[in-house]
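I opened this notebook to keep track of what I looked up, one entry at a time. The sequence and the model come first, and my notes follow.

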Amino acid sequence: MRGRGEVIGDVMADATRLFEPIARRRPSPVDVPYTVLTIHREANVDPERLRRIAGAVNDAGRRFAFPLHPRTRHVLEKHGIPLADSVQALEPLGYLEMLALVAGAEAIVTDSGGLQKEAYWLRVPCVTLRPSTEWVDTVEAGGNTLVDPAAPERLGVVLDEARFPTDAPRLYGDGHAAGRIAGSLYP
């Protein structure tokens with residue numbers, strides 16, 4: 001019997017597979033090439049940690065599309081944490097807009113659990129700003145690299161080296177969970 005988390009992961013894979021073609025038809029809110037940046041976890045929006053992360057992002061030498069979580073925006077503004085001109089702050093995005101942004105990115109920098117999986121399914125290299133991840137398989141497969149947010153100075157180097165492996169295995173569902181679930185409910 002499969003666990004609830006596995007079934008949810010399969011359904012997320014279904015959503016990504018089904019909505020990716022629709023999302024890719026949407027215009028990008030930023031010029032290409034770009035790296036998607038998301039930061040929202042409470043530990044990472046601590047003002048001093050966020051200042052260090054923003055410094056590493058500012059020094060990374062690339063263009064970022066940064067949909068700002070309200071908590072992150074608040075800390076940036078309240079503490080005067082600067083973002084470089086190469087970091088384009090965006091309003092929060094809906095699912096299709098975010099999926100389009102991720103699908104068109106050259107890389108992802110995130111502290112989000114779900115975005116790590118979507119990046120993997122879309123074959124976009126991911127850098128996770130966390131000391132560990134629940135999606136260890138993405139790291140072992142080479143599609144995701146961890147950078148400790150307490151010491152983010154190597155972010156630029158990690159991004160420069162980030163490549164999605166051509167031989168990456170299929171992980172976390174095949175995009176056809178809905179049919180299996182319906183088949184088990186209505187045999």
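How far apart in helix H2 are Glu48 and Arg51? I noted that they are three residues apart, which separates them by about one helical turn, and that their side chains meet in a salt bridge at 3.9 Å, N to O. Arg51 itself is partly exposed, with a relative accessible area of 32%.

Before going further I reminded myself that this is a predicted model, and I looked up its confidence. The mean pLDDT of the chain is 91, and 94% of its residues reach 70 or more. Over residues 1-5, however, the pLDDT is below 50, and beyond near neighbours in sequence this stretch has two contacts in the model. Where pLDDT is low, the predicted coordinates should not be read in detail, so I left that stretch alone.

I then looked for other salt bridges, for which the count comes to nine. In helix H1 (residues 4-24), Glu20 and Arg24 lie four residues apart, about one turn of the helix, and their side chains meet at 2.8 Å, N to O, in a salt bridge. Glu20 counts as partly exposed at 21% relative accessibility, and Arg24 is also partly exposed, with a relative accessible area of 46%.

The next entry concerns a salt bridge between the side chains of Asp160 and Arg62, at 3.5 Å, N to O. This pair links distant parts of the chain, since Asp160 sits in helix H7 and Arg62 in the loop between H2 and S2, 98 residues apart. I checked the accessibility of both partners: Asp160 is partly exposed, with a relative accessible area of 47%, whereas Arg62 counts as buried at 15%. Together with Glu106, Arg62 and Asp160 are linked in a network of salt bridges.

What makes the nonpolar surface patch of about 420 Å²? I recorded Val11, Ile181, Leu185 and Tyr186 as its members. Tyr186 is found in the segment after helix H8 (177-185), and Tyr186 is exposed, with a relative accessible area of 67%.

My last entries are about the backbone. Most residues other than glycine have a negative phi, and most peptide bonds are trans, so I wrote down two departures from that pattern. The peptide bond from Val32 to Pro33 is cis, with omega near -5°, and Pro33 lies in the loop between H1 and strand S1 (35-38). Arg123, although it is not a glycine, has a positive phi of about 65°; Arg123 lies in the loop between helix H5 (113-121) and strand S5 (126-128) and counts as partly exposed at 42% relative accessibility.

Note on methods
Residues are numbered from 1 along each chain as its sequence is written. This is a predicted model: local features need pLDDT of at least 70, side-chain atom pairs count only at pLDDT 80 or more; totals for chains, interfaces and linings use all residues. Side-chain values use heavy atoms; hydrogens and water are left out. Patches are made of residues with over 30% relative accessible area and no salt bridge: like charges are joined within 9 Å, nonpolar side chains (Val, Leu, Ile, Met, Phe, Trp, Tyr) within 5 Å. Accessible areas come from the Shrake-Rupley method with a 1.4 Å probe; for residues, only the protein chains shown count as cover. A salt bridge is a side-chain nitrogen of Lys or Arg within 4 Å of a carboxyl oxygen of Asp or Glu. Helices (H or I, at least four residues) and strands (E, at least two) are DSSP runs, numbered from the N terminus. Buried means under 20% relative accessible area, exposed over 50%, partly exposed in between (1.4 Å probe, protein chains only). pLDDT is the predictor's confidence in each residue, from 0 to 100. Contact means heavy atoms within 4.5 Å.
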